[in-house]
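Please open the model in your viewer and keep the selection tool at hand.

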Amino acid sequence: MIASARTIMLVDDHAVVREGYRSMLQKQPGLCVVAEASDGAEAYRLYKETGPDLVIMDLSMPGIGGIEAIRRIRQWDKRAKVLVFTMHQNAAFAVQAIRAGASGYVTKTSPPEALVHAVMDALSGKIAISPDIDHELALSHLAGETAAADLLTAREFEVLRMLLAERTTDEIASALHISPKTVANLHSLIKDKLGVGSDIELVRLALRQGILTQIDLSEP
């Protein structure tokens, strides 16, 4: 590694994905992948150990997700740069990621060069948003229903994501290092903020706003 290289950490729960993008990024002059993590908790630990110039973060992973990991990393280091690289093409996830402190949001359906451009933009201090998400953000402002992303904090959105993934109260509490009572209180607060009276209504709202898809419901 040359002294002037900008260091990168890859965070994705699929090793083959990390391998592919590590190979692509290391072909770029001045970039060097120095760490890899398969979940949010490992990402937080490795960030404190390696202090990379940029973290490329997936959102949906076992344990704590990417948004909570971004929040923790940025809480520990306000100067941290995190670029979200995910399959989620929904404005709600982009809003929450940026709110948590992300430096950009690129979808995995984008061409490879879009990721490289976003990496360079994020490293130079710019906000990097892929065109498809830019379009989704614009459309979300035209929708009649207030988006969940506009009403919930990053922590509440992470709890919502885990609830929709059918995680139990104890599992959520363990992953987020909070008490089961706090999870229960957040669960109730989320429903109050979103104006729903039951978990069935919560699922319907998540489907309506694209936070949850029928594909998610069909997966084991």
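This is a predicted model: local features need pLDDT of at least 70, side-chain atom pairs count only at pLDDT 80 or more; totals for chains, interfaces and linings use all residues.

**Stop 1: an exposed histidine.** Select H177, which is exposed, with a relative accessible area of 64%. Here, buried means under 20% relative accessible area, exposed means over 50%, and partly exposed lies in between, computed with a 1.4 Å probe on protein chains only. H177 is found in the loop between α9 and α10. Helices (H or I, at least four residues) and strands (E, at least two) are DSSP runs, numbered from the N terminus. The phi of H177 is near 60 degrees, a positive value in a residue other than glycine. Most residues other than glycine have a negative phi.

Side-chain values use heavy atoms, with hydrogens and water left out.

Stop 2: Select E166, in the loop between α8 (154-164) and α9 (169-176). E166 is not a glycine, yet its phi is positive, at about 65 degrees. With a relative accessible area of 71%, E166 is exposed.

**Stop 3: a buried histidine.** Select H187 in helix α10 (residues 180-194). Is H187 buried or exposed? Its relative accessible area is 16%, so H187 is buried. Not counting residues up to four places away in sequence, H187 touches L163 and D199; contact means heavy atoms within 4.5 Å.

**Stop 4: two helices side by side.** Select helix α3 (residues 66-76) and helix α4 (residues 91-100), which pack at an angle of about 15 degrees, with their axes 8 Å apart. Axes are lines fitted to C-alpha atoms, for helices over the stretch in contact, and angles run from 0 to 180 degrees between N-to-C directions. The helices α3 and α4 are therefore roughly parallel to each other; angles under 35 degrees count as roughly parallel, over 145 as roughly antiparallel, 65 to 115 as roughly perpendicular and the rest as oblique. Show the side chains where I67, I70, R71 and R74 in α3 meet F93, Q96, A97 and A100 in α4. The residues of this contact divide into five nonpolar, one polar and two charged. Ala, Val, Leu, Ile, Met, Phe, Trp, Tyr, Cys and Pro count as nonpolar, Asp, Glu, Lys and Arg as charged, and the others, Gly among them, as polar.

**Stop 5: aromatic pairs.** How many aromatic pairs does a search of the whole structure find? The search finds three. Rings of Phe, Tyr and Trp (its six-membered ring) pair if their centres lie within 6.5 Å; planes under 30 degrees apart count as stacked, over 60 as edge-to-face and the rest as tilted.

Select Y21 and F85, an edge-to-face pair at 4.9 Å centre to centre, with 75 degrees between the planes. Y21 lies in helix α1 (residues 15-26) and F85 in strand β4 (residues 82-86), so the pair ties together parts that are 64 residues apart in sequence. Y21 counts as partly exposed, at 23% relative accessibility, whereas F85 counts as buried, at 6%.

Notes: Residues are numbered from 1 along each chain as its sequence is written.
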